[in-house]
Amino acid sequence: MWSLANLSATGGVWESMGMISQLVSIVAIAAAVGLGTGGAATAAEENIQLTAPAANGLPTYVAIIKLVTAERLGKSWREGCPVGPDQLRLINLSALGFDGKVYRGELIVDKAVATEIGWTFADLYFNRYPVERMETVEKYDADDDRSMEANNTSVFNCRKITGGTGWSNHSYGRAIDINPVQNPYISGSGTVYPPNGAPYVDRTRNDPGLIHADDATVRAFEGRGWDWGGYWTTPIDYQHFEKP
């Protein structure tokens with residue numbers, strides 16, 4: 001699931017909208033690579049490294065943003081989806097686990113929001129917000145129910161909106177579900193997804209990973225223009241943030 005990383009700091013300054021005041025953005029362009037969309041198209045590989053100096057006793061935060069191929073997306077993407085692999089990016093980033101250790105996680109996102117997602121998770125990291133699991137959903141055969149039940153934090157999955165026929169914002173890489181067990185989805189009829197998240201419908205709890213209104217996690221996303229599903233009336237989606 002996770003892989004441990006030893007991370008090192010680099011110099012530079014970036015003003016964050018969150019609690020981090022000094023950050024670094026290093027942009028490197030690598031050799032041309034095929035996009036894996038079935039044709040012979042090639043493009044310069046984007047390799048952006050976002051680095052935040054160590055703070056609060058945590059190692060340096062690093063997020064690396066790269067191109068992604070149809071092969072890498074697996075069952076999470078197919079022909080006919082509203083965006084193609086060339087419009088998506090893979091982020092490999094630092095995250096604090098529930099055990100207090102630092103791991104590397106992966107998210108696939110819309111390329112237009114990739115950098116701000118990298119910075120947002122830097123805010124979460126230095127706020128010591130824990131993430132139990134962060135894997136791309138093809139590892140669950142692109143089954144949203146399986147991913148949620150495993151308490152997996154994820155973004156892109158080409159699928160219809162829950163209970164509807166239109167494309168979910170996950171299909172565009174512009175919605176993220178965070179710690180779905182501690183932050184369940186509650187349908188208009190009261191059904192809880194995932195079912196093992198039922199105990200966490202009680203939002204007076206203060207378990208690790210549970211998101212509360214106007215907490216540091218919500219503010220980190222809202223400060224960059226993202227909406228939180230925990231403020232919705234019906235359904236209520238505590239795990240869900242999306243960028244309109």
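**Figure 1. The disulfide of the predicted model.** A search of the whole structure finds 1 disulfide, a term for a pair of cysteine sulfur atoms within 2.5 Å. The bond joins C81 to C158, with an S to S distance of 2.1 Å. C81 lies in the loop between α1 (70-73) and β5 (88-96) and C158 in the loop between α3 (144-149) and β7 (175-177), so the pair ties together parts that are 77 residues apart in sequence. Helices (H or I, at least four residues) and strands (E, at least two) are DSSP runs, numbered from the N terminus. The torsion about the S-S bond of C81 and C158 is about -115 degrees, so this disulfide is left-handed. Both cysteines, C81 and C158, are buried; buried means under 20% relative accessible area, exposed over 50%, and partly exposed in between, with a 1.4 Å probe and protein chains only. Residues are numbered from 1 along each chain as its sequence is written, and side-chain values use heavy atoms, with hydrogens and water left out. This is a predicted model, in which local features need pLDDT of at least 70 and side-chain atom pairs count only at pLDDT 80 or more, while totals for chains, interfaces and linings use all residues.

**Figure 2. The protein chain as a whole.** The protein chain has 4 helices and 12 strands. Of its 244 residues, buried residues make up 51%. Among the contacts in the protein chain with a separation of 6 or more, 56% are accounted for by residues 24 or more positions apart; contact means heavy atoms within 4.5 Å.

Figure 3. Strands β5 and β6 run antiparallel and are joined by 9 bridges; two strands pair if DSSP finds at least two bridges between them. S94 has R104 in β6 as its bridge partner. The hairpin has 5 residues between the strands, and G100 takes a positive phi near 85 degrees there. In strand β6 (residues 102-110), 8 of the 9 residues are buried, so this strand is largely enclosed by the rest of the structure. In a regular strand the side chains alternate between the two faces of the sheet.

**Figure 4. The surroundings of P59.** P59 is found in the loop between β3 (42-52) and β4 (61-67). With a relative accessibility of 33%, P59 counts as partly exposed. Leaving aside neighbours within four places in sequence, P59 is in contact with A54, V102, Y125 and F126. P59 and K101 are 42 residues apart in sequence, and their C-alpha to C-alpha distance in space is 10.0 Å.

**Figure 5. The largest pocket.** The volume of the largest pocket is about 340 Å³. Among the 18 residues that line this pocket, R159, I161, T162, Y185 and D237 are the closest to its centre. The elements that give two or more residues to the lining are α3 and β12 (240-242); α3 gives the most, with 3 residues. By class, the lining of the largest pocket divides into 6 nonpolar, 6 polar and 6 charged residues. Ala, Val, Leu, Ile, Met, Phe, Trp, Tyr, Cys and Pro count as nonpolar, Asp, Glu, Lys and Arg as charged, and the others, Gly among them, as polar. On a 1 Å grid over the protein atoms alone, a pocket is an open set of points with protein on both sides within 12 Å along at least five of seven lines, a cavity is a set of points where a 1.4 Å probe fits but cannot get out, and lining residues have an atom within 4 Å of a point. Grid points are joined across faces, edges and corners, and a volume is the space filled by probe spheres set on the points.

**Figure 6. The largest cavity.** The structure holds 3 cavities of 30 Å³ or more, and the largest cavity has a volume of about 50 Å³. Residues that line the largest cavity include S76, E106, L107, I108, E135 and F156. The lining of this cavity has 5 nonpolar, 4 polar and 3 charged residues.

Figure 7. Strand β8 (residues 185-186) is joined to β9 by 2 bridges, and I186 stands opposite V192 in β9. Another open sheet has 3 strands in the order β7-β12-β10, and the pairing is antiparallel. Here the edge strands are β7 and β10 (227-228). Between β7 and β12 there are 3 bridges, and the bridge partner of A175 in β12 is E242.
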